[in-house]
Every structure is written in C-alpha cells, then in structure tokens.
Amino acid sequence: MKSKVKFMGSAPSNPPKAVEYADIKDQGRIPYGKTADAPMAGDTVKRMTMRGAGAAIKGTKFNGC
C-alpha cells in the first residue's frame, strides 16, 4: 500500500531527494554509515599544552592521546 504525505491537504510539489551523504558547507561531504579514526588519535600518550583561560588556574601541561 503506497501513501503520500499530505500537508495542508495536498501532496508536496517538489520534495527533496534522499542522499547518502552529509554535505557540510565549505568542508566537503561525509558518507552516512561509515566511520573513520580521528586524525590525531593514537595509542601513545603525549605531553600536550593547555590553552585558554583555564590554563592559568589548572596548569599549562597535561597528558593526552
């Protein structure tokens, strides 16, 4: 059984077509349903520099991946 979605009593004249990707403005396309590792992710622990207003309160270095 097929049915049409009606809004205000009539079917839409030009509905958008489904796509298999997310189109992010000025950044490119990302396909749905696929994953990728973060570019900086890894198993090694690095000594990193903290930035921002909290750095003066909490310290300036921390261990991160």
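This is a predicted model: local features need pLDDT of at least 70, side-chain atom pairs count only at pLDDT 80 or more; totals for chains, interfaces and linings use all residues.

Colleague: Where is the place of aspartate 26?

Modeller: Aspartate 26 lies in the loop between β1 and β2.

Colleague: How many residues stand between β1 and β2 in the hairpin?

Modeller: The hairpin formed by β1 and β2 has 3 residues between its strands. Strand β1 covers residues 21-24 and strand β2 residues 28-31; they pair in the antiparallel sense over 4 bridges.

Colleague: Which residue in β2 stands opposite tyrosine 21?

Modeller: Proline 31 in β2 stands opposite tyrosine 21, and tyrosine 21 itself belongs to strand β1. Leaving aside residues up to four places away in sequence, tyrosine 21 touches Arg29, Ile30, Pro31 and Tyr32. From tyrosine 21 to glycine 33 the C-alpha distance is 8.8 Å, with 12 residues of separation in sequence.

Colleague: How does tyrosine 21 count in terms of relative accessibility?

Modeller: The classes are read against two cut-offs: buried means under 20%, exposed over 50%, and partly exposed in between. Tyrosine 21 has 27% relative accessibility and therefore counts as partly exposed.

Colleague: Where is aspartate 43 found, and is aspartate 43 buried or exposed?

Modeller: Aspartate 43 is found in the loop between β2 and β3, the latter spanning 46-49. Its relative accessible area is 82%, so aspartate 43 is exposed. Its C-alpha atom is separated by 9.9 Å from that of glycine 64, a residue 21 positions away along the chain.

Colleague: How do the elements of the chain run from the N terminus on?

Modeller: The order is β-β-β-α-β, which comes to 1 helix and 4 strands.

Colleague: What do the totals for the chain say about burial and contacts?

Modeller: Of the 65 residues of the chain, 3% count as buried. Among contacts with a separation of 6 or more, 2% are between residues 24 or more positions apart. The accessible surface of the chain is about 6,800 Å², and 56% of this surface belongs to carbon and sulfur atoms.

Notes:
Residues are numbered from 1 along each chain as its sequence is written. Side-chain values use heavy atoms; hydrogens and water are left out. Helices (H or I, at least four residues) and strands (E, at least two) are DSSP runs, numbered from the N terminus. Buried means under 20% relative accessible area, exposed over 50%, partly exposed in between (1.4 Å probe, protein chains only). Contact means heavy atoms within 4.5 Å. Accessible areas come from the Shrake-Rupley method with a 1.4 Å probe; for residues, only the protein chains shown count as cover. Two strands pair if DSSP finds at least two bridges between them.
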